[in-house]
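Please keep the structure open while reading.

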Amino acid sequence: MGLCALACSHALNANELSAEQLHFFEERIRPVLVTHCYECHSVEADKGKGGLYLDSRLGLIQGGDSGSSLSLGNPEDSLLIEAIAYDNPDLEMPPEEPLPDHVVEDFKQWVAMGAPDPRESTVALPRQEGVDYDSFRDHWAYRPIERPATPEVKDADWPVSEIDHFILARLESEGLQPAGVAEPGVLLRRIFMDLVGLPPSVEQQKEFEADPSEERLEAIVDELLGSREFGERWGRHWLDMVRFAESTGGGRSMRMPEAWRYRDYVIRSFATGKPLDQMIREQIAGDLLPYDSVEQRREQLIATGFLVLGPHNYELQDKELLRMEIVDEQIDTIGQAFMAMTVGCARCHNHMFDPISHDDYFAMAAILRSTHSSEYGNVNNWVERPLPRDEPMTAEQQAEYEQWENDVQALRDKFAENTKGETLKKIGGDIIKKAIKEGPPHHETAMAVRDAEDAGDYHINIRGDVHNLGKPVQRGFLTIASSNPRPEIPEGESGRLQLANWVVSEENPLTSRVMANRIWQYLFGHGIVRSPANFGGMGEEPSHPELLDWLAHDLQQEGWSAQAMIRKIVLSSTYQQSSQPRPEALEQDPDNFLLARQSLRRMEAESIRDSMLHLAGTLEPFEGGPTFSSKNGSEYNYKFNHPVRSVYLPVLRNRVEGLLSAFDFANPNMVATDRAVSTVPAQALFLMNSEFVSEQSREAARRLLEAETEPSDRVGMAFREAFGRDPEAAELEASLAFIDSFPRERTTPESEVETWAAFQQALFASIDFRYVP
Amino acid sequence: MNPAYSASRRHFLRNTACGLGQVALASMLGQTAAASSALDNPLAARDPMIKPTAKRVIFLWMMGGPSAVDTFDYKPELQKRSGDKVKFWNSRYREFRDEKVYGSPWNFHHYGQTGHRVSDLFPHMGQVVDDLCFVQSMHTEGVAHGPASLFMHTGSTNLIRPSMGAWVSYGLGTENDNLPSFMTISAPATKGGPRLYGPAFLPAHHQGTMIGRADMPAKDARIPHLQNPDFSMMEQRHKLDFLQEINQSQYARLGKHESDLDAVIGSYELAFKMQRHAPELLDLTEESEATRKLYGIDEKETDDYGRQCLMARRMAEAGVRFIQVNYSDNKATPMWDQHSKLHLHEQHAKATDKPVAALIKDLKARGLLEDTLVIWGGEFGRTPYSQNGDGRDHNPRGFTMFMAGGGVKAGYVHGATDEFGFQAVQDKVHMHDLHATMLHALGLDHEKLTFRYAGRDFRLTDVHGRVVKELFA
């Protein structure tokens with residue numbers, strides 16, 4: 001209505017234009033518009049860049065996302081004139097080159113005349129519409145979670161858990177039956193690799209093979225779930241998801257010497273069974289949560305490192321752009337990692353496929369913009385905060401600390417009083433120096449956020465342009481997944497606490513589905529939804545929607561315990577199937593959506609490396625702590641030579657350790673919920689030629705030579721350790737033949753080691769070591 | 001050799017789908033694609049979308065940002081008004097400021113039939129101007145090295161996007177089954193580092209393979225893990241044969257339906273071929289004395305970049321799809337980054353002038369320039385006003401790049417900057433446009449070369465980019 005009123009009030013119809021006006025338009029204006037503008041701004045070309053259409057008078061007056069192009073009679077206030085005069089470096093049209101000065105003068109004159117224009121629009125101009133949320137409510141991911149009834153099955157003997165009912169019912173309806181049960185040795189290795197990422201010892205193998213009972217298995221599973229190694233393995237899955245790294249990446253990559261605290265927090269949380277909803281709440285808003293002890297406060301502050309760890313180009317010179325890029329990265333991570341929503345897509349416009357409006361994006365963006373997560377400077381810095389101490393300080397220490405606090409505050413006040421970019425960069429640099437480079441006396445620090453001083457609602461950025469503010473937006477959440485998407489946020493607060501609570505609230509149907517799916521994925525190679533970070537319209541459909549809901553519901557009921565869910569799944573018949581398909585299942589369902597078998601999985605990079613170290617006897621115990629010995633140093637020359645579990649190796653965004661990088665380690669720049677499984681010659685070269693693998697092979701060979709004297713016993717031990725099974729007759733024969741015919745004289749102990757090292761290296765490189773059946 | 005073992009090896013060769021025996025015999029240099037996609041090679045050559053004018057790209061990155069007004073963009077007004085205060089838009093502080101115009105300290109001369117002016121910094125390149133296609137109206141995004149370098153390589157200053165080489169590899173695959181499709185020589189660890197040749201969300205095999213690295217002499221450049229110092233070639237083969245034998249038995253047991261396992265077996269054979277052939281590719285002793293001399297090899301200033309350029313020509317010959325040659329280092333103010341002491345441009349000019357000119361001449365003499373698109377340039381240019389008295393600041397608003405071969409017009413100049421050489425004003429070409437144009441030359445439509453990630457179809461050019469058709473002959 002408003003539009004019509006506007007257009008109508010200026011409705012100079014062609015008949016009312018004077019001949020002179022018409023002539024001016026046809027001679028001086030229309031040809032320019034047609035030649036230089038229509039290509040990108042016309043209904044006919046089906047292009048309305050920036051929402052702007054210039055092939056009708058209505059289009060000009062209505063304008064685009066930046067508002068009306070014309071102020072009739074006032075060329076100096078008209079956006080169109082500003083753009084073609086190249087007066088605004090952010091808005092220069094036409095983009096290729098400016099129009100000649102005399103043409104710009106013509107346009108000014110034309111606008112001053114009231115922009116006489118005979119072109120009437122006969123078609124409605126395309127406009128961005130609101131999001132019709134109701135039409136999406138039926139999509140599986142947005143439906144409320146209810147516990148579905150357990151389906152009936154014909155073969156009542158097979159299921160041992162409710163999970164099995166869902167799987168079997170579906171298989172039966174498709175006329176398929178499950179694969180056989182995995183052999184005990186295979187199952188044991190699978191469980192070890194899945195739960196702790198290290199292979200079972202030969203003793204453990206033999207013990208289980210002698211008594212593969214359900215009770216024995218349960219005891220083993222419980223022991224593994226309670227181990228530190230479980231935290232290391234599953235913590236790493238989480239670190240993938242939250243793009244954990246210890247350097248900024250981007251242009252000038254800087255090491256983040258305190259990032260290890262967050263890594264250790266995640267490992268500790270999994271090892272001690274912290275509920276997943278609590279983990280998420282702490283990571284979004286730990287600094288705002290109540291606490292009972294110094295330890296809890298420290299833990300919760302460290303958790304918010306999650307928001308600060310992102311890959312950023314801190315040297316971006318447009319600081320408002322940088323601020324919103326950080327916000328965008330945080331939204332994208334929260335959206336994809338916890339809710340499998342590509343919220344970031346709504347930065348420039350409503351989401352094309354999902355019910356996420358431009359408003360929703362900026363409702364969340366305003367919360368994160370109200371969060372202080374980067375210190376401003378010529379090159380910005382992440383934020384660090386002092387961690388509370390266990391021991392009280394001496395009076396002298398207390399005084400030093402307070403002095404530091406005052407100094408930092410004084411700098412921050414000075415910062416707040418200035419507006420000029422150059423001065424701000426200078427003061428910002430001083431803050432970074434004092435608060436982070438020097439740091440608080442007598443305190444440890446952690447990467448952590450706090451609410452910003454200018455916390456409050458914000459505006460839409462038109463087309464995502466941070467310098468082009470649109471209408472104001474109230475802070476809030478995704479409308480589709482909340483009962484109250486624009487909650488009350490008390491004055492001076494960011495709204496992060498409300499955000500955190502909403503992400504894991506019962507009204508939000510996404511998060512528990514996402515978490516259940518992800519646990520499933522790490523135990524079967526694929527999720528029930530095979531796009532674990534996208535549950536929207538462009539994502540995959542769940543193969544077993546009822547099962548997913550059952551799991552999500554169960555997760556909530558069981559207090560969001562990852563361990564409880566993993567235990568249930570691992571003890572199911574579904575999980576314990578062999579990976580050998582029945583022919584009809586292979587024929588009908590080659591991609592194994594229906595789970596008529598376990599899937600054959602490539603070991604993750606960490607498991608390959610850790611298993612080698614473990615079998616070589618060189619793995620050093622390490623239970624967390626600082627990664628770097630110094631704050632600075634080049635990423636490039638970093639030597640990854642600590643023989644500790646891979647999860648403790650530094651994750652540098654510009655350089656990942658060799659084996660990890662060859663075997664598809666998660667890209668630490670983005671939410672990585674589904675690692676690639678590539679097979680490339682670089683991996684073969686690494687396994688056959690790298691110093692690391694040669695060294696581990698040599699050490700493993702020494703162990704064989706020390707433990708056994710008969711070559712066949714050595715071969716037997718090597719197969720057991722690396723593959724969890726005895727060699728077949730032909731393999732034993734081939735192995736012995738290899739040792740015998742290896743073209744090196746075995747005259748010294750060292751050449752003996754080298755020969756067996758070559759043998760061991762071939763085992764490390766082979767399929768049975770690299771894959772978990 | 002153990003006879004039982006040999007028999008099973010024969011058995012193995014007969015029974016795999018790979019036909020590895022034959023492939024292993026083929027010489028790597030010169031073998032070009034199409035024929036042997038017997039291996040299910042994810043890098044297998046793919047047909048272009050439209051008629052291409054180039055089959056491959058050599059990208060010569062001048063890290064740090066060489067100055068246009070001191071090299072290829074002659075501005076009489078700049079010389080005339082040197083020392084005057086003039087208002088310029090400052091991209092760092094986003095405001096207009098008074099700055100001191102700084103005339104070029106170098107003389108310019110007309111070169112070639114076209115008479116294009118080139119400064120005394122580039123006498124060798126002057127000799128090949130008639131083969132070059134200058135774009136003098138480049139503009140880009142990012143005022144600092146990191147963002148601008150990322151923008152030049154990935155089309156984004158900050159977001160995680162695949163590098164252009166990875167896009168080209170994804171679009172076209174490799175021309176040579178024995179080599180990676182994308183190689184980058186002496187790449188820097190900073191200003192974007194691995195993201196400059198990374199695959200981001202594209203499949204990992206499109207990542208650039210690094211040859212050497214910045215700050216390492218090019219004569220020591222190698223592909224990592226190509227050799228095992230502990231074993232002879234014969235021992236390596238023996239080890240590989242044993243490995244493939246147990247792999248075969250494991251493959252048979254786990255099931256032939258797992259194509260992944262087939263790929264594992266194939267990857268070892270390909271790796272073994274690379275062990276044999278890739279060192280050959282980098283071995284410049286095979287080149288004639290005249291060629292080595294042309295590139296300035298063994299001369300102090302030019303040895304390093306000369307070797308890189310010559311390796312690039314050998315890679316182009318061998319069918320590598322995207323070759324990047326980096327004139328780079330790992331410093332905070334890299335290479336051409338003369339915020340002060342502009343005269344240091346001489347040192348960088350000296351190091352690159354002869355090798356780049358040699359590459360153009362050599363490619364031309366071998367008929368390779370016809371289907372190889374050479375692109376030269378920095379992540380931005382430099383201001384026509386002075387900084388710190390005798391230096392120039394970054395300038396993303398107007399600078400010069402050139403192309404050669406691959407279907408672009410020879411001896412052509414496109415676009416122009418203003419009278420000072422500060423801002424592109426005529427026929428402006430944005431970095432997105434350059435990307436679109438490069439893809440176009442390769443037969444790829446930049447709007448259709450997409451990859452679906454996180455629910456969206458991504459492009460190198462995002463939602464921008466315009467093919468500069470005027471550049472094509």
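## Core packing

Leaving out residues up to four places away in sequence, Phe338(A) touches Trp238(A), Met241(A), Ile280(A), Ile284(A), Phe306(A), Thr333(A), Val503(A), Leu510(A), Thr511(A), Val514(A) and Met515(A). The model is predicted. Phe338(A) is among the residues with the most contacts inside the largest nonpolar core, together with Trp238(A), Phe759(A) and Leu60(B). That core has 249 residues. Helix α8(B) gives the most to this core, with 10 residues. A second core of 53 residues is separate, and includes Leu150(B), Ala187(B), Met401(B) and Phe451(B).

## The interface of chains A and B

How many residues does each chain bring to the contact? Chain A brings 87 residues and chain B brings 81 residues. About 7100 Å² is buried between the two chains. Carbon and sulfur atoms give 57% of that area.

Polar terms are also present. Between chain B and chain A, 29 residue pairs are in polar contact, counting pairs with both residues at pLDDT 80 or more. On chain B, these elements give two or more residues to the side that touches chain A: β3 (95-100), α5 (145-154), α7 (233-254), α8 (259-282), β16 (424-426) and β18 (451-453). The largest share comes from α7(B), with 16 residues. By type, this side of chain B divides into 37 nonpolar, 24 polar and 20 charged residues.

Eight salt bridges cross the interface of chain B and chain A. In one salt bridge, the side chain of Arg397(B) meets that of Glu92(A) at 3.2 Å, N to O.

## Salt bridges

Side chains of opposite charge can pair when their charged atoms come close. Over all chains, the structure holds 93 salt bridges.

| Asp287(A) | Arg385(A) | 3.9 Å |

Take the pair Asp287(A) and Arg385(A), whose closest N and O atoms are 3.9 Å apart. Asp287(A) sits in the loop between α12 (276-285) and α13 (294-303) of chain A, while Arg385(A) is in strand β6 (384-386) of chain A. The pair links distant parts of the chain, 98 residues apart. Asp287(A) and Arg385(A) are buried.

Glu320(A) lies in helix α15 (319-339) of chain A and Arg369(A) in helix α16 (358-369) of chain A, so the pair ties together parts 49 residues apart in sequence. Arg369(A) counts as buried because its relative accessibility is 10%.

Glu750(A) is partly exposed, with a relative accessible area of 42%. Arg702(A) is partly exposed at 27%.

In chain B, salt bridges that share partners form one network. The network joins Glu286(B), Glu287(B), Arg313(B), Arg314(B), Glu317(B), Asp362(B) and Arg366(B).

## A histidine in a loop

Is His139(A) buried or exposed? His139(A) counts as buried, because its relative accessibility is 18% and the cut-off for buried is under 20%. His139(A) lies in the loop between α5 (101-112) and α6 (162-173) of chain A. Beyond its neighbours within four places in sequence, His139(A) is in contact with Phe535(A), Gly536(A) and Gly537(A).

Notes:
Residues are numbered from 1 along each chain as its sequence is written. Chains are lettered from A and ligands numbered from 1 in the order in which they are written. This is a predicted model: local features need pLDDT of at least 70, side-chain atom pairs count only at pLDDT 80 or more; totals for chains, interfaces and linings use all residues. Side-chain values use heavy atoms; hydrogens and water are left out. Helices (H or I, at least four residues) and strands (E, at least two) are DSSP runs, numbered from the N terminus. Buried means under 20% relative accessible area, exposed over 50%, partly exposed in between (1.4 Å probe, protein chains only). Contact means heavy atoms within 4.5 Å. Buried area is the accessible area (1.4 Å probe) that two parts lose on being put together, summed over both. A salt bridge is a side-chain nitrogen of Lys or Arg within 4 Å of a carboxyl oxygen of Asp or Glu. A polar contact is a pair of N or O atoms within 3.5 Å; within protein, one must be able to donate a hydrogen and the other to accept it, and residues adjacent in sequence count only if both atoms are side-chain atoms. Ala, Val, Leu, Ile, Met, Phe, Trp, Tyr, Cys and Pro count as nonpolar, Asp, Glu, Lys and Arg as charged, and the others, Gly among them, as polar. A nonpolar core is a set of buried Ala, Val, Leu, Ile, Met, Phe, Trp, Tyr and Cys residues joined through side-chain atoms within 4.5 Å.
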